[in-house]
Number of protein chains: 4
Amino acid sequence: MGSPTFDLPPDTGAPPARRSRRKQARPGELLEAALDLFVSKGYAATRVEEVARLAGVSKGTLFLYFPSKQELFKALVRHVLADRFAEWSLELDNYQDDTASLIHYCYEVWWTRIGATKACGLPHLVMAEAHNFPEIAAFYRQEVVVPGNRLVERILQRGIDRGELRAMDVGYGTTLVLAPLIFCAIAQSSGGLCLPNPQFDVPAFLRLQADTLVRGLAPDAQGALP
Amino acid sequence: MGSPTFDLPPDTGAPPARRSRRKQARPGELLEAALDLFVSKGYAATRVEEVARLAGVSKGTLFLYFPSKQELFKALVRHVLADRFAEWSLELDNYQDDTASLIHYCYEVWWTRIGATKACGLPHLVMAEAHNFPEIAAFYRQEVVVPGNRLVERILQRGIDRGELRAMDVGYGTTLVLAPLIFCAIAQSSGGLCLPNPQFDVPAFLRLQADTLVRGLAPDAQGALP
Amino acid sequence: MGSPTFDLPPDTGAPPARRSRRKQARPGELLEAALDLFVSKGYAATRVEEVARLAGVSKGTLFLYFPSKQELFKALVRHVLADRFAEWSLELDNYQDDTASLIHYCYEVWWTRIGATKACGLPHLVMAEAHNFPEIAAFYRQEVVVPGNRLVERILQRGIDRGELRAMDVGYGTTLVLAPLIFCAIAQSSGGLCLPNPQFDVPAFLRLQADTLVRGLAPDAQGALP
Amino acid sequence: MGSPTFDLPPDTGAPPARRSRRKQARPGELLEAALDLFVSKGYAATRVEEVARLAGVSKGTLFLYFPSKQELFKALVRHVLADRFAEWSLELDNYQDDTASLIHYCYEVWWTRIGATKACGLPHLVMAEAHNFPEIAAFYRQEVVVPGNRLVERILQRGIDRGELRAMDVGYGTTLVLAPLIFCAIAQSSGGLCLPNPQFDVPAFLRLQADTLVRGLAPDAQGALP
DNA sequence: TATGAATGAGACTTCATTCAT
DNA sequence: GATGAATGAAGTCTCATTCAT
């Protein structure tokens, strides 16, 4: 049940010694700072010096840990997105309740662990820079998109098998499930720019979305076009 | 049924003369080029000289028509996204069929006019640059987000009034309708990075999405959580 | 008794026809505009397009008459400064009164014909650009500085010969006479920046200066250092 | 008896190492270089890269110390012209001899500290750019023109009080005293363009000017116009 | 002849990266 | 290791000049 952000060193309360403090924690602090800034300002508009300052080190020190701005960005993506799906897959294996509940649970969990955290800015950022960082795009596809789709495929297949969902093309069905999450991630990280008003309650929307989706995928749903 | 892109001058086959004087056509050509490059490379990674070259003019000529890179971007947003909603609103007024058909029709029309064109890259771009260009964000909200939501609100209210949709919070319902379109726009403009495979058929997905949505919003839908 | 500015064509009252009006007057109008702008904004900060607009023609037309900005500047200096000293020399030949009156008269005349007109901005401009325009500097020295000094030398020599001025090195004396004029020209053209207050009355100062100078050069003046 | 220019670092004979770190010395070196180039070529014709090269650093380094070309110019004006008057005011307070000597002394001191140094090019430059940089003009008026006039006012009033000068409007009298200095500054910085010949001995002229001025302001001077 | 659209060299400025300390 | 002064390539924008109309 990992935190969606980074494991910060335990705060000892005392101000750390200036020069030689927590050397092994530096990369994490730099990535934390990079996440903040890349997500809120975009890749190009973020200066490496800002990242260093926010992490409490000098510009030169950043380059000791990451050989370039591009490598910093790649490391950030790898760091934030790695090893989430293994954990989630386990949770799915152990889930006992019906599919409607499972979908609701997934949306809730996603919100708690991703949507409500700074990590939710990354998908947007990765997609925006996909053309400039093909390597990152490939990594993202392999480490995030494919596992995410696998996970949802299993959920849908389980629902169909249990008679809780109507028969469907599971490949497209996964996107039906994932699209709202990606939408919410982007809505969040763009300051709600695609939402109708600033009071928009994203968790409530996700509940409505889950409910509507479950209704729409129910075996006995009415109203389909011929 | 306006084209979502610009009217290029008729291609006479001959390469345009050097230093040809085409004051009327220049802004459209430059915006067309800007759309191509901004959408595919991002705002910061696009150099104004590239835009000018793609439009077949020199760097200086671009600045004759747009006083800065930022103004070029604003003009692009205005040109591509403005004046679509008036037309759509008219179509809605004249629509006769039931709500399920209307929603399907909207998704189809959106795909034809936006999703399948280069214009579909703009929402992504605007959201990515929202923090750097608050003025553009405000403009986008006012000229695109708000009118779009208004349009969908009318569709939903019409459906509820006609007894074709269940009662709901129309404010959140609009986002249920719009989110898939925004998702598809971003999926398209990021090279399908959030889609499960390269053969993903977006129009087919939109049909499935419309169908599922209509089912989910139907008055007699089953399966809602307590 | 020439005007210190340019001879404009007689104003016929009727608005001139757009295209083919007063072609032979164009260079003069352009030089008039150039004087205005060069003097008030400096050489570099003046754009040729501004000059053309102020003269009522297009940028291209300016280049029909002057092959470059530098040549426009040279032509301006030549035009404004040419043929002033011949006239003044004649007036000097015919002057009858005593030297004190003559010096007062010279300062008055200078003020009327130069100091109070836009032409008084030129010395400043020429001196500021002397390093960038050695050719103009040489021309200015030959056509303005040398004749001006000659004229004043004759005045001083006449005064010494008539016993109205003490014996002196006439070469340095001329600079005593001319320095206040140059000072006033620069004070005027810099917006009074070297003057103690905005109400400074330059003609009154020149009268005081002439008076003080005459006293200081009088044969029986007291107070010299040992 | 402060030097009007900057204290350069001691020349060790060896060429400075590439990428040497000299944070303390840089601003002074850059201002020194800026003084040289601005004064000899004018503001617009001086490129910041030239300034940097003359100071032995790269273009980027200049912008490390001065955020823009305009700020460099302002800093130069402040540095060269500020803090001279406090010192001079003190000297004036302690002066014991008669007014004629004092005026001579002032001119001598001005020549030594300003006229004979590169600093004498600044007044000309500031006046030439006054229209383009109103902020600098205001600063110059407040920090240089006003204090300078104050100082001379005190000298004249002291002379009148001691019966060594005739009664006069002290406001205009100050300009009588200062005009020759400004004239000489401009003459120097324009390569002697307004002087009758290249052998013109400026200190000798200033002595003659002081002498003539003192005679002209003497209480018993003869020869005033009615 | 007159126009003004078009050009492109060149200016200022930024910032990722290097490296002496 | 850590620093931050220094670098210089690269970007935006200006404007004198050209030239098709």
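Reader: How much area do chain C and chain D bury between them?

Author: This is a predicted model, and the values are computed from it. The size of an interface is often given as the accessible area lost when the parts come together. Of the area lost here, 67% is on carbon and sulfur atoms. The total that chain C and chain D bury between them is about 5,000 Å².

Reader: Which helix of chain C gives the largest share of the side that touches chain D?

Author: Across the interface of chain C and chain D, 10 residue pairs are in polar contact. Helix 1 (26–41), helix 6 (99–115), helix 7 (121–128), helix 8 (134–161), helix 9 (170–189) and helix 10 (202–217) of chain C each supply at least two residues of the side that touches chain D. The largest share, 11 residues, comes from helix 10 of chain C.

Reader: How do the residues on that side of chain C divide into nonpolar, polar and charged?

Author: In the contact, 59 residues of chain C meet 59 residues of chain D. The side of chain C that touches chain D divides into 31 nonpolar, 21 polar and seven charged residues.

Reader: What is the N to O distance in the salt bridge between chain B and chain A?

Author: Chain B and chain A bury about 5,000 Å² between them, and the contact takes 58 residues from each of chain B and chain A. One salt bridge is counted between these chains. Its partners are Arg166(A) and Asp211(B), with the closest N and O atoms at 4.0 Å.

Reader: How many residues apart in sequence are the parts tied together by Arg113(D) and Glu87(D)?

Author: Arg113(D) and Glu87(D) form a salt bridge, the closest N and O atoms being 3.5 Å apart. Arg113(D) lies in helix 6 (residues 99–115) of chain D and Glu87(D) in helix 5 (residues 85–94) of chain D, so the parts that the pair ties together are apart in sequence by 26 residues.

Reader: What is the relative accessible area of Glu29(D)?

Author: Glu29(D) forms a salt bridge with Arg22(D), with the closest N and O atoms 2.3 Å apart. Arg22(D) is partly exposed, at 26%. Glu29(D) is buried, and its relative accessible area is 10%.

Reader: How many salt bridges does the structure hold over all chains?

Author: Some are linked in a network, as with Glu71(A), Lys74(A), Arg78(A) and Glu135(A). Another joins Glu50(D) to Arg47(D), the closest N and O atoms being 3.7 Å apart. Over all chains, the structure holds 58 salt bridges.

Reader: How many disulfides does the structure hold over all chains?

Author: Cys106(C) is partly exposed, with a relative accessible area of 27%. Over all chains, the number of disulfides is zero.

Notes: Residues are numbered from 1 along each chain as its sequence is written. Chains are lettered from A and ligands numbered from 1 in the order in which they are written. This is a predicted model: local features need pLDDT of at least 70, side-chain atom pairs count only at pLDDT 80 or more; totals for chains, interfaces and linings use all residues. Side-chain values use heavy atoms; hydrogens and water are left out. A disulfide is a pair of cysteine sulfur atoms within 2.5 Å. Buried means under 20% relative accessible area, exposed over 50%, partly exposed in between (1.4 Å probe, protein chains only). Contact means heavy atoms within 4.5 Å. Buried area is the accessible area (1.4 Å probe) that two parts lose on being put together, summed over both. A salt bridge is a side-chain nitrogen of Lys or Arg within 4 Å of a carboxyl oxygen of Asp or Glu. Helices (H or I, at least four residues) and strands (E, at least two) are DSSP runs, numbered from the N terminus. A polar contact is a pair of N or O atoms within 3.5 Å; within protein, one must be able to donate a hydrogen and the other to accept it, and residues adjacent in sequence count only if both atoms are side-chain atoms. Ala, Val, Leu, Ile, Met, Phe, Trp, Tyr, Cys and Pro count as nonpolar, Asp, Glu, Lys and Arg as charged, and the others, Gly among them, as polar.
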